[in-house]
Amino acid sequence: MKKRTFLNLAGTAAIAATSLLSTTSIALADDPTDLNVAIVLSAGLESAWDGSLIEAFERAKAAKPHGLAIDWQYTDPLWGDDAGDAMRLFAESGEFDIIWAHSTYSDQVKNLKDEFPNILFVVVGSGNEGLGGNQYWVYKRVHEAAYVLGVMAGKLTKTNTLGVVGTFPADDVNDEINAFFSGARSVNGDIKQKVAFIESWYDPGKAAEMTSAQISTGADIIFSLAGNFQPCEENNLLCFGNFSDQHSFSPETVLSTAVANWDPDVNWIIDEWWSFKTDGAALDGNTDINWNGLAVGGSMVAPYHGLADRVPEDVKALVDETVANITSGAFEVPLDVSEPKSD
Amino acid sequence: MGDLFQEAILVSILAGTVRIMTPILFAAIGELVTQRAGIWNMGVEGTMLMGAFIAYVVATATGSIWIAVLAAMLAGGVVGLLTAFMTATMRVDHFITGLGINLLISGLTLYWFRIYIKGRAQPTFEGFENVPIPVLSSIPYLGEILFTQRILTYVAFLSVPAIWFLLYRTRWGLELRCLGENPKALDIKGLSVVRRQYTAVLIGSIMTGLGGGFLMLGFSDRFLADITAGRGWLAIVAIIAGRWMPRGVLAAVAVFALLESVATHVQVLGVDIPHQIFLALPYVASIVLLMMLRSKSGEPRRLGIPYFR
């Protein structure tokens, strides 16, 4: 193609594209083009709970739902009145459409939601009150993925003793631990369970000691919700991680992870806000728990990475079958939120 | 509860106690030197945190945990220099200095950490492993409890008699203890008070940095904000509960660590008592100890009082 012909063609295409775009923008002149989100974090970017949310927002930013340019600001860990003050500052600045408070913050939202009816507030996880109106309540249950890890552990254990190191005995922590053991017992009736809570969102020192204590009582596979795989490495055991894929922390021991995926939740909230802005639909937040499971991508089981050869083929097949049954709805993982105890 | 007294569990509880003691013991025995010289260093928590953070950065950057240990000590020393400058040279209130240092380091380490990882997957490192001492580690029970530990744990325990010797059997130690009781006496003799205060703060801070380094390299696989989680404060309580004597400090640290180790195992064994009670025990014990020992305190008389000529 001659250079001039190419330029002509390119020029024509550009004009066509511009006119098309201007038509579109006229049609949607009133629709918002930007979405600004203020995020109040509870444990900090480095924690799997908070870090995985920011990753979901990054994916949403790239996907541009409704053509929106999404931007956000997040805080360092804040609780109680400090979190309330931060939310008020965000709200009064007038710059934010959504205030996403990523843990138990409904007490603080209660003081603000009526004063700022055009802001969509989000609270997340257990301990919240379903206020409705412009407060939405996102819940995260990864117990289905934990059940699958349990199936794996139940098949792989040699001592028939499994350990779980938890953070706090909260509703959305207990569900995972119970599901893990339930999965293990579904394939191995002799399972003994060991459970410990460090009573902190993170304290690697304590998590290590709890893990070592479980190993000393005979546990040979540990599902760590509190992180720190150092004792697993030292004892050359397989371990499971939680919430965000923990493989990189210990490639030789972390077989898989019960991964939380916030994408369906982020998209749900963006859609609600979009309807409110464009169709004039009232903000009508949920008052009951609303969670997205394995079937819709709200959680997933992390790949084996380099440890696939530690899992026999029949176990892999069983794991795939369990995931397929949960996804198709043929099997429903029992939800048990009672506080688990050691056998 | 019966399970608690099985041999394997008892050994695990006691071996855990020795491990948990290590970072607190480094800080407590080091800060004992500082306090005997009359400086109330309230910045132990921050100093330990700085040691842990620098150990993490250096371990992941160089791949050598021994260079990381040295760096943690150096980092503790730098914080110590700041503490000494504020308390000995500028004669600022010791408590305010310490609290300021804790806040500064808590924020600074998180800020630096974010810059260091810059959104990439958090780099990891190979930490310390147990090094059994030949012969001794094969003694039944005791071998597993005392002689199958990390190298730095042995160092921490050896530092107790070493510090005792320095404080009570050398002229340097006598002068240092005199600083905490009557600094004027040294001043009148023409001996530098400020120089000795700097030395005392540096020894304490370097050992505290080492404790932080151990917490990182011997306990954890990652850095997290405020990873020290109150261990620096426990070190201070241990000094008070130990009545400012090396033996007492060792005993106090041992009690805290034993209670924590018991709390850890109780949950795993499924004892029918709320586990939160056990987790609170070290802190309850520290308050009880402080109340009981207050009357028989061996507190240096000039502790925490800036020295003016």
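Student: What are the helices and strands of chain B, by count?

Tutor: Chain B has 12 helices and 2 strands. Bear in mind that this is a predicted model. Starting at the N terminus, the elements go α-α-α-α-β-α-β-α-α-α-α-α-α-α.

Student: How confident is the predictor in chain B?

Tutor: On a scale from 0 to 100, the mean pLDDT of chain B is 92. A pLDDT of 70 or more is reached by 97% of its residues. For the complex, the predictor gives an ipTM of 0.86 and a pTM of 0.86.

Student: What makes the radius of gyration of chain B agree with a compact globule?

Tutor: Set the two values side by side. A compact globule with 309 residues would have a radius of gyration near 19 Å, and chain B has 20 Å, so the two agree. Along the principal axes, its C-alpha atoms fill a box of roughly 60 × 50 × 40 Å. Buried residues account for 51% of the 309 residues.

Student: Which share of the contacts in chain B joins residues at least 24 apart?

Tutor: That share is 79%, taken among contacts between residues at least 6 apart in sequence.

Student: And what about chain A: how many helices and strands are there?

Tutor: Chain A comes to 10 helices and 11 strands. Its C-alpha trace spans about 70 × 60 × 40 Å along the principal axes, and 48% of its 343 residues count as buried.

Student: Why are E7 and E11 of chain A called edge strands?

Tutor: Start with the sheet. Six strands form an open sheet in the order E7-E6-E8-E9-E10-E11 (chain A), with mixed pairing. E7 and E11 (299-301) of chain A each pair on one side only, and they are the edge strands. From one strand to the next, the twist averages 15°.

Student: How do you know that strand E8 and strand E9 of chain A pair?

Tutor: Pairing takes at least two bridges. There are 3 bridges between E8 (residues 221-224) and E9 (residues 238-243) of chain A, so these strands pair, and they run parallel. Within this pair, A:Ile221 stands opposite A:Leu238 in E9(A).

Student: What makes the phi of A:His66 worth a remark?

Tutor: Most residues other than glycine have a negative phi. A:His66 is not a glycine, yet its phi is positive, about 55°. You'll find A:His66 in the loop between helix H2 (48-63) and strand E2 (69-74) of chain A.

Student: Why is A:His66 called partly exposed?

Tutor: Buried takes 20 or more other C-beta atoms within 10 Å, and exposed takes 12 or fewer. A:His66 has 17, so it counts as partly exposed.

Student: Where is A:Asn160, and why is A:Asn160 called partly exposed?

Tutor: A:Asn160 sits in the loop between helix H5 (143-156) and strand E6 (161-166) of chain A. It has 15 other C-beta atoms within 10 Å, which puts it between the two cut-offs, so it is partly exposed. A:Asn160 isn't a glycine either, and its phi is positive at about 60°.

Student: How many residues does the contact take from chain A and chain B?

Tutor: The contact takes 29 residues from chain A and 28 residues from chain B. On the side of chain A that touches chain B, H7(A) gives the most, with 9 residues. By class, that side has 9 nonpolar, 12 polar and 8 charged residues.

Definitions and conventions:
Residues are numbered from 1 along each chain as its sequence is written. Chains are lettered from A and ligands numbered from 1 in the order in which they are written. This is a predicted model: local features need pLDDT of at least 70, side-chain atom pairs count only at pLDDT 80 or more; totals for chains, interfaces and linings use all residues. Two residues are in contact if their C-beta atoms, placed from the backbone, lie within 7 Å. Helices (H or I, at least four residues) and strands (E, at least two) are DSSP runs, numbered from the N terminus. Ala, Val, Leu, Ile, Met, Phe, Trp, Tyr, Cys and Pro count as nonpolar, Asp, Glu, Lys and Arg as charged, and the others, Gly among them, as polar. Axes are lines fitted to C-alpha atoms, for helices over the stretch in contact, and angles run from 0 to 180 degrees between N-to-C directions. The radius of gyration is taken over C-alpha atoms; the globule rule is 2.2 Å times the number of residues to the power 0.38.
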